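Subject: Handover of a structure

Dear colleague,

Please find the structure below, followed by an account of what was found in it.

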Amino acid sequence: MSQTASLLTSPPVLPLVAPSILSADFANLGAECQEAFDGGADFLHLDVMDGHFVPNLTMGPALCQSLRNQFPDAYLDVHLMVQKPMEYIEDFAKAGGNLFTGHIEADCNPKELADAIHTAGMDAGLAINPPTDVEAILPWVESFDLILVMSVNPGFSGQAFIPEVLSKVETIKPLLRENQRLQMDGGVSLTTCEACKNAGCDTLVAASAIFKTDDYASAITGLREG
Ligand code: DX5
Ligand code: ZN
């Protein structure tokens with residue numbers, strides 16, 4: 001396992017597969033993540049929820065720091081499902097986050113968000129929820145390193161994939177530079193990953209399709225090659 005902070009812009013093999021630890025066994029998190037890396041995971045996706053932007057509470061900078069300590073070279077992708085993402089940039093930068101993704105629906109100016117994330121030394125991501133029109137994100141795409149198209153309404157793992165969001169991927173993809181990534185998150189599985197990749201996604205997040213199986217390596221290979 002050898003991940004670096006330049007992973008997004010110099011990806012070894014596309015698509016990148018990012019297990020979301022939301023479906024891992026938190027009591028065995030280090031071993032769970034090691035198994036995911038041994039099985040070919042490119043990086044880890046951390047779902048941060050504040051109980052306001054979404055109706056759930058999950059993890060914060062302390063957990064990010066623990067993963068950084070355990071996996072010094074890992075690329076850590078922090079997905080902020082919070083109302084005020086600007087307030088958490090410094091904390092996650094200090095805790096070893098590499099990619100900080102906020103939402104277009106949150107309380108912030110997207111350009112200021114991208115600039116603040118970059119100033120803190122992280123890659124910047126911008127996410128869009130299923131009900132939000134793709135037009136809302138288009139003016140901001142060039143400022144970010146990664147665009148995340150949510151394929152479930154955020155808050156919980158294990159939800160069904162919403163196929164209507166694939167058209168957003170098709171709209172965004174032609175606007176991207178070679179070094180920008182397009183990520184799908186929510187309901188990504190062996191049955192939905194092909195449609196994601198065909199639409200233009202190069203980065204797949206999956207929680208239940210990896211951590212709710214008995215064989216993480218097979219699941220990760222299946223998502224990458226399926
Ligand atoms: C949803 C989170 C996702 C979630 C994905 O709110 O942003 O990252 O963990 O879970 P699955 O892959 O099970 O849909
Ligand atoms: Zn996520």
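I begin with Glu105, which, apart from its neighbours within four places in sequence, is in contact (heavy atoms within 4.5 Å) with Phe53, Gln83, Ala127, Ile128, Asn129 and Thr132. This is a predicted model, in which local features need pLDDT of at least 70 and side-chain atom pairs count only at pLDDT 80 or more, while totals for chains, interfaces and linings use all residues. Residues are numbered from 1 along each chain as its sequence is written, chains are lettered from A and ligands numbered from 1 in the order in which they are written, and side-chain values use heavy atoms, with hydrogens and water left out.

Glu105 belongs to the loop between β4 and α4 (110-119); helices (H or I, at least four residues) and strands (E, at least two) are DSSP runs, numbered from the N terminus. With a relative accessible area of 23%, Glu105 is partly exposed; buried means under 20% relative accessible area, exposed over 50%, and partly exposed in between, for a 1.4 Å probe and protein chains only. Between the C-alpha atoms of Glu105 and Ala136 there are 9.2 Å in space, and the two residues are 31 apart in sequence.

Pro131 is exposed, its relative accessible area being 68%. Its C-alpha atom is separated by 9.9 Å from that of Glu164, 33 residues apart along the chain.

The strands come next. Strand β4 (residues 99-103) is largely enclosed by the rest of the structure, because five of its five residues are buried. On one side of β4 these are Leu99, Thr101 and His103, and on the other Phe100 and Gly102. Strand β3 (residues 76-81) pairs with β4 in the parallel sense over three bridges, where pairing requires that DSSP finds at least two bridges between two strands. Within this pairing, Val78 has Phe100 of β4 as its bridge partner. Thr101, also in β4, is buried with a relative accessible area of 0%. Beyond its neighbours within four places in sequence, the contacts of Thr101 include Asp77, Val78, His79 and Leu80, and also Gly125, Leu126, Ala127, Leu146 and Leu148.

Which strands are joined to β8 by bridges? Strand β1 (residues 16-19) runs parallel to β8 and is joined to it by four bridges, and strand β7 (residues 181-185) is likewise parallel to β8, with three bridges. Val17 stands opposite Leu204, Ala18 has Val205 as its bridge partner in β8, and Gln183 stands opposite Thr203. From β8, Thr203 and Val205 point one way and Leu204 and Ala206 the other, and all are buried. Strand β1 is also covered on both faces, with Leu16 and Ala18 buried on one side and Val17 and Pro19 on the other. In the segment before β1 lies Pro15, which a cis peptide bond joins to Leu14, with omega about 0 degrees.

Leu44, in strand β2, is buried with a relative accessible area of 0%. Leaving aside neighbours within four places in sequence, Leu44 is in contact with residues including Pro19, Ile21, Cys33, Phe37 and Leu67.

Turning to the interior, nonpolar side chains in soluble globular proteins tend to be buried together. A nonpolar core here is a set of buried Ala, Val, Leu, Ile, Met, Phe, Trp, Tyr and Cys residues joined through side-chain atoms within 4.5 Å. The largest has 66 residues, of which Ile21, Leu67, Ile147 and Met184 touch the most other members. A second, separate core of 13 residues includes Leu8, Phe43, Met150 and Val152.

Finally, the largest pocket holds about 220 Å³ of space. A pocket is an open set of points on a 1 Å grid over the protein atoms alone where a 1.4 Å probe fits, with protein on both sides within 12 Å along at least five of seven lines, and lining residues have an atom within 4 Å of a point. The volume is the space filled by probe spheres set on the points, which are joined across faces, edges and corners. The lining comprises 23 residues, and Phe156, Ser157, Asp185, Gly186 and Gly187 lie nearest the centre of the pocket. Strand β2 (44-49), β8 (203-206) and α7 (208-211) are the elements that give two or more residues to this lining.
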